[in-house]
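Please look over the sequence and the model shown below before reading on.

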Amino acid sequence: MERTDRFWNPYVAGVALGLVLLTSFVLAGKGLGASGAAFHLGVAALEEVAPEHVASNEHLSRSEGSHLENRLIFMVLGVVLGGLVSAFSAGRLGLRVVRGPRIGVAPRLGMAIAGGVIMGMAARMALGCTSGQALSGGALLSVGSWVFMMAVFGGGYGLAWFVRRQWT
Amino acid sequence: MRLPIESLVVSDLGAGLVVALLIGFGFGFVLERAGFGRATKLAAQFYLHDMTVFKVMFSAIVTAMIGLVVAGGVGLVDLDMVLRTGASSTFFWPMLVGGLLLGVGFIVSGYCPGTSVVASASGNIDGMLTFLGVVVGSVIYGEIYPLIASFATSSDWGQRFIPDALGVSRAVVSLVVTVVAILAFLGAEAVERIARTRWKLGGAGAAQDEPVSSGRDPGRRAALATLAVAAVAGLAVTPVWPAPAASSIRHPDGIDAGVLAHRVVETPWSIRVLDLRGEQAWTKARIPGSEPVDTGALDRLGLRFVEPGVDLVVVDSRTVRTLPAEIAAYRGRVLSLRGGFPAWERYALTTPRPPTAGASEAERGEHVFRAALNAFLTGQQAAAPPPPVRTVGPRRSGGGGGCS
């Protein structure tokens, strides 16, 4: 086994992740989040191009305050830094396309962006993604978060057979 | 000091940004170390030969869940406040459909939004494109929002928690979830073994990752044992936790404008209406008897200490879903005007349409109430009722009398 494929034991990693989440709750009263930052980035970019369009849209104009100077954006900046430091120190840093054995680079990248678009819409609809809704709300035992989490696994298993050529 | 730190809860700026950055750092570091920067490892969850996603996610949830119970039980953390500020409302159907879609996006892209960031940071181009897709997707959602708004805001259950729904204490639910999670971990490991050896799934990919049996790993034993012990400890530090008692505080129930209007007129002593829109808007138009409240200085109301005799009704320019901490601290019932002030305007400040011919007694009564309220509030008399139609009978022929 190469050194670069050594990951933490999943349970140890899970407890560590839970402690990060707990710290977030204990200090700031809020959990983790990722998709919210993507939304703010998107709205900020659109505001550069078409500010009136954003202002007239019920959903895009909903959030208050700055789109860039907010908690969610800073958290994702932190995720980038943390991921960078961890990947670098584990010798896993480098440009590459991660793909299954039977799929080419171009289709893989197409799937990556398509899946991202679907998740972007899904996370808005569910008021959060796997981080903000499933992990954070799940730890608070929120009913909606558990419904969401079950549905995520349901959606993934439901479609897995149809996209198996990408991964296996 | 009682946690969470109030200034961080109220404002996301300044120190809040630094804290968010540091927490994000830990989040990204751990995700990368778990192997979540790599799409093949994440997608393997759905092909059964590597259930790392499930194991990491549920041990994280269990850890934080128990941690909050213990920290709340010993009085370190105001758990009620964390629940109010940390949890979103439950929108049952949007969350179910959103979850299914997110699962679909997960298996198509190989990442979830958070892990796509970690993948990007470690140099995976597929991760960068996934994150770009998430950005684009959330903006597209805004564009199509008018079409699906009624679905997206449907089945709004307010903030709702499993312990309250079951009427069982949070510590007990946590213990049960922990036990179920540990059993599920053992099950997941069994599935992995079968998938790899009998079904020959994973192939080269599986060989790259963890060895099949992680049973001898001391980290695994320590982690699982810690969770089990902590869950029992959670029960010990919170001997009795009457979950349902506080539920009305945490979940602001909705109140319709019509119901509110009746209470304002008929039993004004039973409610206290707080208008969060600010003094200017309040001066222009308001619900009779409501108080303008400066959202920056809610603590001045001292609701925390007020005897919970009346129901609080919060009004804003739209439905208030998450109560500000100072209002949520009120020990009595807190209601939120559904649809916010615009709903009140529609109900009370527009001239009601008269009932149709076949209207029931109740409908006619309601119309009279609305018309009177509207006339009172707008200072406009409703259009005068049409003069009673004179019953035209046969005139009596003048028969004598009078001067002619």
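Predicted model: local features only at pLDDT ≥ 70, side-chain atom pairs only at ≥ 80, totals over all residues.

Residues are numbered from 1 along each chain as its sequence is written, chains are lettered from A and ligands numbered from 1 in the order in which they are written, and side-chain values use heavy atoms, with hydrogens and water left out.

Chain A is assigned two domains, domain 1 (1–95) and domain 2 (102–168); such bounds come from an automatic or database domain assignment. The C-alpha centres of the two domains of chain A are 16 Å apart. Ten residues of domain 1 of chain A are in contact with ten residues of domain 2 of chain A, where contact means heavy atoms within 4.5 Å. The size of an interface is often given as the accessible area lost when the parts come together. Between domain 1 and domain 2 of chain A about 760 Å² is buried, 71% of it on carbon and sulfur atoms; buried area is the accessible area (1.4 Å probe) that two parts lose on being put together, summed over both. On the side of domain 1 of chain A, the residues that lose the most area to domain 2 are Phe25(A), Leu32(A) and Ser35(A), which together make up 46% of what that side buries.

Which elements of domain 1 of chain A give two or more residues to the side that touches domain 2? They are helix 1 (10–28) and helix 2 (35–49) of chain A, where helices (H or I, at least four residues) and strands (E, at least two) are DSSP runs, numbered from the N terminus. Helix 1 of chain A gives the largest share, three residues. By class, this side of domain 1 has six nonpolar, four polar and no charged residues. Here Ala, Val, Leu, Ile, Met, Phe, Trp, Tyr, Cys and Pro count as nonpolar, Asp, Glu, Lys and Arg as charged, and the others, Gly among them, as polar.

Next comes the interface between the chains. In it, 121 residues of chain A are in contact with 130 residues of chain B. The area buried between chain A and chain B is about 11,000 Å², and carbon and sulfur atoms give 76% of that area. Tyr11(A), Met125(A) and Leu141(A) supply 8% of the area that chain A buries against chain B, more than any other three residues. Two salt bridges are found across the interface of chain A and chain B. Glu32(B) forms a salt bridge with Arg92(A), with the closest N and O atoms 2.8 Å apart.

Arg92(A) is in the loop between helix 4 and helix 5 of chain A. Is Arg92(A) buried or exposed? Arg92(A) counts as buried because its relative accessibility is 5%; buried means under 20% relative accessible area, exposed over 50%, and partly exposed in between (1.4 Å probe, protein chains only). The side chain of Arg92(A) also reaches the backbone oxygen of Arg6(A) at 3.2 Å.

Asn57(A) is another loop residue, between helix 3 (51–56) and helix 4 (71–89) of chain A. Asn57(A) is buried, at 7% relative accessible area. Leaving aside neighbours within four places in sequence, Asn57(A) is in contact with Gly142(B) and Glu143(B).

Over all chains, the whole structure holds twelve salt bridges. Within chain B, Asp253(B), Arg263(B), Asp311(B) and Arg333(B) are linked in a network of salt bridges. Arg333(B) forms a salt bridge with Asp311(B), the closest N and O atoms being 3.5 Å apart. This pair links distant parts of the chain: Arg333(B) is in the loop between helix 16 and strand 5 of chain B, and Asp311(B) is in strand 4 (residues 311–315) of chain B, 22 residues apart. Asp311(B) is buried, with a relative accessible area of 15%, whereas Arg333(B) is partly exposed at 37% relative accessibility.

Key. Salt bridge = Lys/Arg side-chain N within 4 Å of Asp/Glu carboxyl O. Polar contact = N/O pair within 3.5 Å; in protein donor to acceptor, adjacent residues only side chain to side chain.
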